[in-house]
Amino acid sequence: MPELPEVETIKEDLRELVTGSLVVRVEVLDQALVEQPSSEEFQRELEGARISGARRRAKHLIVELDSGASLVLQLKIGGQLLLVPPVEEPRTALMLILHLDGDRRLFLRDETGFTRTRLLDARELEARLSAIGPEPFGEEFRENGAEYLRERLSSRRAQIKSLLLDQKVVAGIGNIYVDEILYDARLHPRRKANTISNEEWKGLHAAILENLAAGVEHRGTTVRLYKDVLDRPGRHQDYLRIFEKHGKPCPDCEGVVVREKIGGRSSHFCPSCQLEEWRGGEQPLTLG
Ligand SMILES: [Zn+2]
């Protein structure tokens, strides 16, 4: 599903292309889409509202309205928000059409049907987002993220991959970028957080920032269904080293990339480069 770089790309596109547009008419084509409020109320509140901006929090795409309400979208694996009519439908994949002034339409399409949306007022939005961890590109995490991760996680026996996917720990990382991040940090996805050394936390922090920044720069990763608002694929798939490279040589050693289910998620790693056990160097701070 779209992760931080993909949602960031869509957000920037929306900011540029639809800010100031008036929502003239709303067609909800899939009743499962709208989780809050009722589908009728959703339509009534959206029609006549003007789009005043767009922002992102973790993997949530937030379309701001001049009414003070926000349209919050959680794009799932097939979720696409398109300003150009989808070429080959099936029409069944269309979940929502926002008819905008100037004879434009914003299509929400998801052939898996899992994308969901809510229309929230400021207080509801705040409550909805309050449990999410720091944004990787926020000043605090950018500067002190290594210490934050160590303090927050170094007493945990859980596997590092599962912890990084927890949006309460850090916002915006999903299954593609996490494998690339752990590869760069030389940490096995099964590595227990309480065995990670200070140096390794620093490397992990740097790998988070580098991989997400590269993803944003390349306008996202299109492994399967991700497209930007103008229906163009991202380019970061050309830069992946480990995700879905199982059976191929590791870019950094003689080994072969493997794939295993870890924490319920398909995981790709190099067993030679990524250490499941701590091996020498600075003694990690192990509690419990
Ligand atoms: Zn390797």
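Tutor: Let us begin with the interface, bearing in mind that this is a predicted model. The area buried between domain 1 and domain 2 is about 1,800 Å², and carbon and sulfur atoms give 67% of that area.

Student: How many salt bridges does the rule find across the interface of domain 1 and domain 2?

Tutor: A salt bridge is counted when a side-chain nitrogen of Lys or Arg comes within 4 Å of a carboxyl oxygen of Asp or Glu. By that rule there is one salt bridge across the interface of domain 1 and domain 2. As for individual pairs, R219 forms a salt bridge with D13, where the closest N and O atoms are 3.0 Å apart.

Student: Turning to the open spaces, what volume does the largest pocket have, and which residues lie nearest its centre?

Tutor: The largest pocket contains about 460 Å³ of space, and among the 24 residues that line it, M1, I77, N175, I176 and R224 lie nearest its centre. At least three lining residues come from each of domain 1 and domain 2. Looking at elements, α6 (175-184), β10 (258-262) and β11 (265-269) each supply at least two residues of this lining, and β11 gives the most, with three residues. By class, the lining of the largest pocket comprises nine nonpolar, seven polar and eight charged residues.

Student: Which residues line the second largest pocket?

Tutor: The second largest pocket, with a volume of about 230 Å³, is lined by M1, A58, K59, H60, Q74, R128, I132 and Q167. That lining has three nonpolar, three polar and two charged residues.

Student: And how many cavities of 30 Å³ or more does the structure hold?

Tutor: A pocket is open, whereas a cavity is a space in which a 1.4 Å probe fits but from which it cannot get out. The structure holds one cavity of 30 Å³ or more, and the largest cavity has about 40 Å³ of space. Its lining consists of E35, H60, V72, L73, Q74, R116, T117, R118 and R128, with β5 (70-74) and β9 (116-120) being the elements that give two or more residues. Two of the lining residues of the largest cavity are nonpolar, three are polar and four are charged.

Conventions
Residues are numbered from 1 along each chain as its sequence is written. This is a predicted model: local features need pLDDT of at least 70, side-chain atom pairs count only at pLDDT 80 or more; totals for chains, interfaces and linings use all residues. Side-chain values use heavy atoms; hydrogens and water are left out. On a 1 Å grid over the protein atoms alone, a cavity is a set of points where a 1.4 Å probe fits but cannot get out, and a pocket is an open set with protein on both sides within 12 Å along at least five of seven lines; lining residues have an atom within 4 Å of a point. Grid points are joined across faces, edges and corners, and a volume is the space filled by probe spheres set on the points. Helices (H or I, at least four residues) and strands (E, at least two) are DSSP runs, numbered from the N terminus. Ala, Val, Leu, Ile, Met, Phe, Trp, Tyr, Cys and Pro count as nonpolar, Asp, Glu, Lys and Arg as charged, and the others, Gly among them, as polar. Domain bounds come from an automatic or database domain assignment. Buried area is the accessible area (1.4 Å probe) that two parts lose on being put together, summed over both.
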